[in-house]
Amino acid sequence: MNDPHTKKELTTNHLSRLPAISIRGALLLILAAALAPAFHIIAVTGGDHARHLEEQAAAEALRQAAAFGDIQLRITESTRQMLATLAALPAFRQNQYDHSEEILRAVHAANPDYLNLSLTDGSGRITASSLLTRGTDLSNRPHVRRALLSGGYSTGEYLLGLVQSEPSFSYSLPLLDGAGRPFGTINTLYKLSSYAALFEAFELDPEAFLGIVDRNGIRMYFYPPKDTNPIGKPIKAEVWRRIQEGEDAGTFLDISSDGVVRFFGYRKLRMEGDPAPYITVVYAVPRDKILAVSRSITTRNLLAMAVAALIALVLAGGLSEILFGRRLSRIGAAVDRIRGGDLGARVGLSGDGSDLGRIAAALDGMAEAVQRRDAEREEETLRLGRLLEEKIILLKEVHHRVKN
């Protein structure tokens with residue numbers, strides 16, 4: 001196998017099995033092969049662009065969740081300030097229940113975003129309220145219970161109001177005596193429907209959604225409304241698990257309750273001294289929309305590259321015809337005529353200094369040499385024929401004389 005003659009023979013046999021192709025066809029094939037990496041680069045770049053858009057989408061979801069979380073923090077703080085202002089009034093501290101109730105009703109009328117305001121004693125029973133009757137037991141309400149136990153501003157969870165059965169979120173501030181012990185609470189319920197006026201003013205992506213979840217994973221608000229995401233029901237278990245296991249703010253990719261793969265951005269909000277978040281704000285955008293943008297750009301670039309490649313191939317075909325196609329045709333025609341016995345055939349590209357011109361000149365020179373040798377051979381054949389004819393005549397003459 002190391003014999004160079006054997007290797008040469010194998011190479012020759014291998015080349016002989018290659019399909020026959022013209023020089024022009026080979027040129028176009030080489031050009032197409034040269035363009036293939038460009039298509040690969042566009043495809044790879046499209047993939048990189050898709051990943052970049054996904055990272056941007058995740059970052060945007062986190063930013064939106066943080067922005068809406070700031071709005072919720074302002075609601076929580078403004079509610080605290082309102083309750084703290086009421087708690088500082090003498091009527092609330094001196095058990096002037098009639099006067100306290102008048103104040104609560106006036107404040108409630110000025111703040112329609114709240115469902116109710118109430119004052120309770122140390123056992124959690126209402127002593128004054130803008131809507132509820134006195135003596136109503138609120139001791140089982142989480143916000144009242146937490147405020148009495150912690151002695152600090154507390155929040156509850158999703159609940160329905162006792163009077164109007166409207167979805168609400170509860171807040172409670174304890175009334176403290178001189179020793180810092182709670183002797184009652186002042187409470188309010190924030191209407192969850194009030195979020196609409198706050199959040200709908202923002203120009204959200206129509207295919208994205210904004211959700212607000214309480215400490216138990218119950219959906220308190222969802223925009224835009226969907227039957228697959230009802231208020232007052234738990235959010236998808238897997239999504240809630242990932243939020244609980246995550247940091248105070250983060251992003252992840254998962255399938256939402258409506259079956260759409262989305263990038264979720266979330267932010268957990270905590271009360272001071274409370275290890276568990278009382279509210280989580282979630283913003284999610286569909287992944288397919290992000291990928292559709294990337295696919296559109298990649299497809300457009302591939303089409304543009306395909307058009308450019310087609311133009312290049314057409315130009316290459318035309319230029320090949322101008323630059324060497326015609327000369328190759330003349331060389332091929334001359335070869336065919338010579339093969340057919342016309343030794344007078346010539347390519348006729350004198351003065352052409354290109355490679356094909358030199359090949360044509362060599363072919364013409366070869367044809368001329370063959371024609372000249374053929375003419376010399378024919379002339380020699382004629383001369384020998386004449387000599388043979390003279391010898392035959394001479395022999396006949398000698399034979400004749402000998403006979404005589």
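# Salt bridges and nonpolar cores: a selection tour

Start with R134, which is partly exposed, its relative accessibility being 41%. The model on screen is predicted.

**Stop 1: R134 and E101.** The side chains of R134 and E101 form a salt bridge, with 3.6 Å from N to O. This pair links distant parts of the chain: R134 sits in the loop between strand 2 (126–129) and helix 5 (142–150), E101 sits in helix 4, and 33 residues separate them. Is E101 buried or exposed? E101 has a relative accessible area of 11% and is buried, because the cut-off for buried is under 20%.

**Stop 2: E101 and R105.** Keep E101 and select R105. These two also form a salt bridge, and their closest N and O atoms are 3.2 Å apart. Where do they lie relative to each other along the helix? Both are in helix 4 (residues 97–110), and because they are four residues apart, about one helical turn separates E101 from R105. R105 is partly exposed, with 47% relative accessible area.

**Stop 3: the network.** D98, E101, R105 and R134 are linked in a network of salt bridges. Side chains of opposite charge can pair when their charged atoms come close.

**Stop 4: D177 and R181.** Clear the selection and pick D177 with R181. Their closest N and O atoms are 3.6 Å apart, and the two form a salt bridge. D177 is partly exposed at 28% relative accessibility, whereas R181 is exposed, with a relative accessible area of 53%. How many salt bridges does a search of the whole structure find? The search finds 13.

**Stop 5: the largest nonpolar core.** Select I186, Y195, I279 and Y283. These are the residues with the most contacts inside the largest nonpolar core, which has 49 residues. Then show helix 2 (residues 23–87), which gives the most to this core, with 12 residues. In soluble globular proteins, nonpolar side chains tend to be buried together.

**Stop 6: around I186.** Centre on I186 and display its contacts. Leaving aside neighbours within four places in sequence, I186 is in contact with L83, L86, A87, F92, L104, S118, L119, Y171, S172 and L173.

**Stop 7: another core.** Finish with F252, F264, V282 and A284. They are among the 12 residues of another core, which lies apart from the largest one.

Note on methods: Residues are numbered from 1 along each chain as its sequence is written. This is a predicted model: local features need pLDDT of at least 70, side-chain atom pairs count only at pLDDT 80 or more; totals for chains, interfaces and linings use all residues. Side-chain values use heavy atoms; hydrogens and water are left out. A salt bridge is a side-chain nitrogen of Lys or Arg within 4 Å of a carboxyl oxygen of Asp or Glu. Helices (H or I, at least four residues) and strands (E, at least two) are DSSP runs, numbered from the N terminus. Buried means under 20% relative accessible area, exposed over 50%, partly exposed in between (1.4 Å probe, protein chains only). A nonpolar core is a set of buried Ala, Val, Leu, Ile, Met, Phe, Trp, Tyr and Cys residues joined through side-chain atoms within 4.5 Å. Contact means heavy atoms within 4.5 Å.
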